[in-house]
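Hello,

Here is the structure I promised to hand over. Please take a look, then read my notes below.

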Amino acid sequence: VMAQFSAAHAQSPFPITLDPIAYNEARLSILTADSAEATYTVPELESFPTYRLVTTTPWRPQPATFDGVLLNDVLAAHGLQDTEVLRVEAENDYAVTLDKVVRDATPILLATRVDGRALSRRERGPILFVVGADDYARLDVITERHLVWMARRISPDG
């Protein structure tokens, strides 16, 4: 069933500068088309341009402030921005395919912080895929399955 959440406080991600904070141990690996692998800690991920998105999610009926980096920026750094289908895996072995049409439909924030603090695993962190509630509500291509939490690996699918 499609989760319903308020789009009243949604917006697009906007650039911000983040102060350093302590994180839970987590890594996100990016496997490229030529089988090279890059692995980022959360602070290393935040070396990409950082953004803020204030929105609700299917699990948070009240607006929250999410900070992180844009998925497309990370993909572009590894030549994956035009890859048609990516596989995203989570720490709990959940996996989903993420088509280019989904990635092009709306900015996907790889959130590393919520309301100024590191995202805990209990809060679906340390790395959580977030989209603005307005886009989530109006775009048929984005579903709850694309909002991966505890993300650990992204690779070309196929």
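Start with Arg-138. Its relative accessible area is 55%, which is over 50%, so Arg-138 counts as exposed. The side chain of Arg-138 meets that of Asp-135 in a salt bridge, 2.9 Å from N to O. Both residues sit in helix 4, residues 133–138. They are three residues apart, about one turn of the helix. Asp-135 is another matter: it counts as buried, because its relative accessibility is 15%.

One caution before going on: this is a predicted model.

**The overall picture**

The protein chain has four helices and eleven strands. Its C-alpha trace spans about 45 × 35 × 30 Å along the principal axes. The radius of gyration is 14 Å. A compact globule of 158 residues would come near 15 Å, so the chain agrees with that. Of the 158 residues, 50% are buried.

**Salt bridges**

Side chains of opposite charge can pair when their charged atoms come close. There are eleven salt bridges in this structure.

Take Arg-113 and Glu-46. Their closest N and O atoms are 2.8 Å apart. Arg-113 belongs to strand 8 (residues 109–114), while Glu-46 is in the loop between helix 1 (42–45) and strand 4 (50–57), so this pair ties together parts that are 67 residues apart in sequence. Both Arg-113 and Glu-46 are buried.

Next come Asp-67 and Arg-52. This salt bridge has its closest N and O atoms 2.6 Å apart. Asp-67 lies in strand 5 (residues 60–70) and Arg-52 in strand 4, so the pair ties together parts that are 15 residues apart in sequence. Asp-67 counts as buried because its relative accessibility is 1%. Arg-52 counts as partly exposed, at 26%.

There is also a network. Salt bridges link Arg-87, Glu-89, Asp-93 and Arg-152.

**A charged patch**

Which residues gather in a patch of negative charge on the surface? They are Asp-82, Glu-84, Asp-99 and Asp-157. Asp-157 lies in the segment after strand 11 (151–156). With 37% relative accessibility, Asp-157 counts as partly exposed.

**Backbone points to check**

Most residues other than glycine have a negative phi, and most peptide bonds are trans. A few places here are worth a look on that score.

- The peptide bond from Gly-125 to Pro-126 is cis, and its omega is near 0 degrees. Pro-126 is placed in the loop between strand 9 (117–118) and strand 10 (128–130).
- Arg-124 is not a glycine, yet its phi is positive, about 75 degrees. Arg-124 is also found in the loop between strand 9 and strand 10. Its relative accessible area is 25%, so Arg-124 is partly exposed.
- Met-150 has a positive phi too, near 55 degrees. Met-150 lies in the loop between helix 4 and strand 11. At 13% relative accessibility, Met-150 counts as buried.

**One last residue**

Where is Trp-59 found? Look in the loop between strand 4 and strand 5. Trp-59 is partly exposed, with a relative accessible area of 21%. The C-alpha atoms of Trp-59 and Leu-86 are separated by 24 Å. Along the chain, Trp-59 and Leu-86 are 27 residues apart.

Best wishes

Note on methods:
Residues are numbered from 1 along each chain as its sequence is written. This is a predicted model: local features need pLDDT of at least 70, side-chain atom pairs count only at pLDDT 80 or more; totals for chains, interfaces and linings use all residues. Side-chain values use heavy atoms; hydrogens and water are left out. Patches are made of residues with over 30% relative accessible area and no salt bridge: like charges are joined within 9 Å, nonpolar side chains (Val, Leu, Ile, Met, Phe, Trp, Tyr) within 5 Å. Accessible areas come from the Shrake-Rupley method with a 1.4 Å probe; for residues, only the protein chains shown count as cover. A salt bridge is a side-chain nitrogen of Lys or Arg within 4 Å of a carboxyl oxygen of Asp or Glu. Lys and Arg count as positive and Asp and Glu as negative; His and the chain ends are not counted. The place of a charge is taken as NZ of Lys, CZ of Arg, CG of Asp or CD of Glu. Helices (H or I, at least four residues) and strands (E, at least two) are DSSP runs, numbered from the N terminus. Buried means under 20% relative accessible area, exposed over 50%, partly exposed in between (1.4 Å probe, protein chains only). The radius of gyration is taken over C-alpha atoms; the globule rule is 2.2 Å times the number of residues to the power 0.38.
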